[in-house]
Amino acid sequence: LANVAWACSKMRSALAQEVAEKSSAEALDRPLRTWSPQALVTLCWASAEVKHAPVRLLRPVTEELRVRPNDFNDVDLATLVLVLQKDKGWKPEHNSLRHLALARIAREVARRPLPRTSRMLRLSDESLATGQLDV
């Protein structure tokens, strides 16, 4: 299901936003621990790619990162940083949710070697270097 949403977004299909929304709703109807981190991040990416921020999905995905951090690999987390960029459809009222997720990701970077994620954080509009994230 995540791959279908990814493909629709990648092809810029007219149905991409609808597919991403329905796929995210399906994910939220089941225990997220039954989804791989890659699938969860792919669903977030599919939504963000069509400028529809994955607001409903982000808090549970961030919780999954807290509960099973080692299951999320470097590519998963680097992709999630990309999803969290302001230009991916996020509204100002979602800043605290974005900051919470970015702070969780930054904690993982501090805890274990994640070179891609570390680079994405440095390049992101919420860079740790600017002191905007409290880790």
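Predicted model: local features only at pLDDT ≥ 70, side-chain atom pairs only at ≥ 80, totals over all residues.
1. Arg-68 sits in the loop that runs between helix H4 (55-67) and H5.

2. What does Arg-68 have around it? Its side chain makes a polar contact of 2.6 Å with the side chain of Glu-64. Leaving aside residues up to four places away in sequence, Arg-68 also touches Leu-32, Arg-33, Trp-35, Pro-37 and Leu-40.

3. On to H5 itself. Seven of its 10 residues are buried, so H5 is largely enclosed by the rest of the structure. Those buried residues are Asp-74, Asp-76, Leu-77, Ala-78, Leu-80, Val-81 and Val-83. They pack against H3, H4, helix H6 (95-111) and helix H7 (115-123).

4. How is the N-terminal end of H5 capped? Asn-73 does it: one of its side-chain oxygens lies 3.0 Å from the backbone nitrogen of Val-75.

5. Now the pairing with H3. The axes of H3 (residues 37-49) and H5 (residues 74-83) come within 9 Å and cross at roughly 20°. That angle is under 35 degrees, so H3 counts as roughly parallel to H5. The crossing of H3 past H5 is left-handed.

6. Which residues meet there? From H3 come Pro-37, Gln-38, Val-41, Cys-44, Trp-45 and Ala-48, and from H5 come Asp-76, Thr-79, Leu-80, Leu-82 and Val-83. Sorted by type, the residues of this contact are eight nonpolar, two polar and one charged.

Methods
Residues numbered from 1 in each chain as written. Heavy atoms only, no water. Axes fitted to C-alpha atoms, helices over the stretch in contact; angles between N-to-C directions. Helix = DSSP H or I, 4+ residues; strand = E, 2+ residues; numbered from the N terminus. Parallel < 35°, antiparallel > 145°, perpendicular 65-115°, else oblique. Left-handed = near helix turned anticlockwise from the far one by under 90°. Contact = heavy atoms within 4.5 Å. Nonpolar A, V, L, I, M, F, W, Y, C, P; charged D, E, K, R; others polar. Polar contact = N/O pair within 3.5 Å; in protein donor to acceptor, adjacent residues only side chain to side chain. Buried < 20%, exposed > 50% of the residue type's maximum accessible area, 1.4 Å probe, protein only.
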